[in-house]
Amino acid sequence: MKITPYPLWPVMDYWFYEAFRLGVTPSAEVALTIWLARQTQGPIMEIGVHRGLVLRILAEHNPDRPCFGVDSGKPGALEQSAEALGEEEIGQLAAHLHNVTLLKVDSTTLKLDGRFGFIRIDGDHRFEGVKADSEFAFSHILPGGLISWHDYAESGFEWMGVKRYLDTIEGVELVAGTSTAIFWQPLDKSPAL
Ligand SMILES: C[S@@+](CC[C@H](N)C(=O)[O-])C[C@H]1O[C@@H](n2cnc3c(N)ncnc32)[C@H](O)[C@@H]1O
């Protein structure tokens with residue numbers, strides 16, 4: 001029997017290529033994020049959307065759920081991959097979707113009454129930025145909802161504040177083999193709004 005070597009390059013799907021090219025979330029973490037979001041119900045929010053790659057995928061996989069993306073277009077000083085964006089570029093990959101709302105503001109100024117089933121934090125990676133976004137998330141997550149943070153890492157990312165901040169919070173756990181950390185809001189606990 002003749003065995004044909006499996007050609008690997010076509011497997012590099014569009015999203016992987018986009019992530020690689022833009023220097024953003026790799027496809028395995030995107031797949032994990034989709035799965036995590038699907039374990040929850042209610043509106044979805046991503047803080048730090050950049051061009052909207054992950055927000056778009058989340059919105060496409062959850063067409064019946066409102067999806068909010070927050071981005072100021074101004075990366076923090078410690079973010080190596082994200083360049084500053086013009087107004088039009090913020091979330092542009094997701095902007096056309098019917099269930100997407102883009103909030104082009106500094107996340108620390110966010111004032112919303114709503115609650116969310118899934119909140120992904122990937123904005124200002126400095127300690128104070130992560131803290132502010134996390135405090136927003138903890139106070140707006142629905143019972144049974146999930147908060148996820150990108151760029152939590154054991155080593156190599158100490159320059160960011162994600163791990164330093166999250167290690168002070170009880171109940172946050174790292175998804176093994178990834179740089180995603182998660183927190184489940186207990187079903188019997190409502191956010192203090
Ligand atoms: C790493 S990028 C996000 C990548 C995106 N989540 C993805 O996977 O495609 C971080 C984004 O956070 C945004 N950001 C940084 N500080 C912010 C703040 N205080 N408020 C809102 N957005 C902020 C930056 O403009 C940048 O677009």
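I started at E87, which is exposed because 8 other C-beta atoms lie within 10 Å. My cut-offs: buried takes 20 or more other C-beta atoms within 10 Å of the residue's own, exposed takes 12 or fewer, and partly exposed falls in between, with C-beta atoms placed from the backbone.

The model is predicted; local features need pLDDT of at least 70, side-chain atom pairs count only at pLDDT 80 or more, and totals for chains, interfaces and linings use all residues. Residues are numbered from 1 along each chain as its sequence is written.

**E87, continued.** I placed E87 in the loop between β2 and β3. Leaving out residues up to four places away in sequence, E87 touches G73 and K104; contact means C-beta atoms, placed from the backbone, within 7 Å. I also checked E87 against S72: 15 residues apart in sequence, 8.5 Å apart C-alpha to C-alpha.

**Overall layout.** I found five helices and seven strands. These are DSSP runs numbered from the N terminus, with helices being H or I of at least four residues and strands E of at least two. The order along the sequence is α-α-β-α-β-β-β-α-β-α-β-β. Of the 193 residues, 39% count as buried. Among contacts with a separation of 6 or more, 68% join residues 24 or more positions apart.

Pairing requires at least two DSSP bridges between two strands. I looked at β1 (residues 44-47) with β2 (residues 67-70): parallel, over four bridges. There, I44 stands opposite C67 in β2.

**Helix α4.** I tested the length of α4 (residues 127-140). Its 14 residues should span 20 Å at 1.5 Å a residue, and its end C-alpha atoms are 20 Å apart, so the two agree. The expected span is 1.5 Å times one less than the number of residues. Buried residues of α4 include V130, F136 and A137. Their cover includes β1, β4 (116-121), β5 (141-149) and α5 (162-166).

**Core.** Which residues have the most contacts inside the largest nonpolar core? They are L55, L58, I119 and I147, in a core of 38 residues. Such a core is a set of buried Ala, Val, Leu, Ile, Met, Phe, Trp, Tyr and Cys residues joined through C-beta atoms within 7 Å. Elements supplying at least two residues each include α3 (53-61) and β7 (181-184). Beyond four places in sequence, I119 contacts M45, A137, H140, I141 and I147.

Terms used. Contact = placed C-beta atoms within 7 Å.
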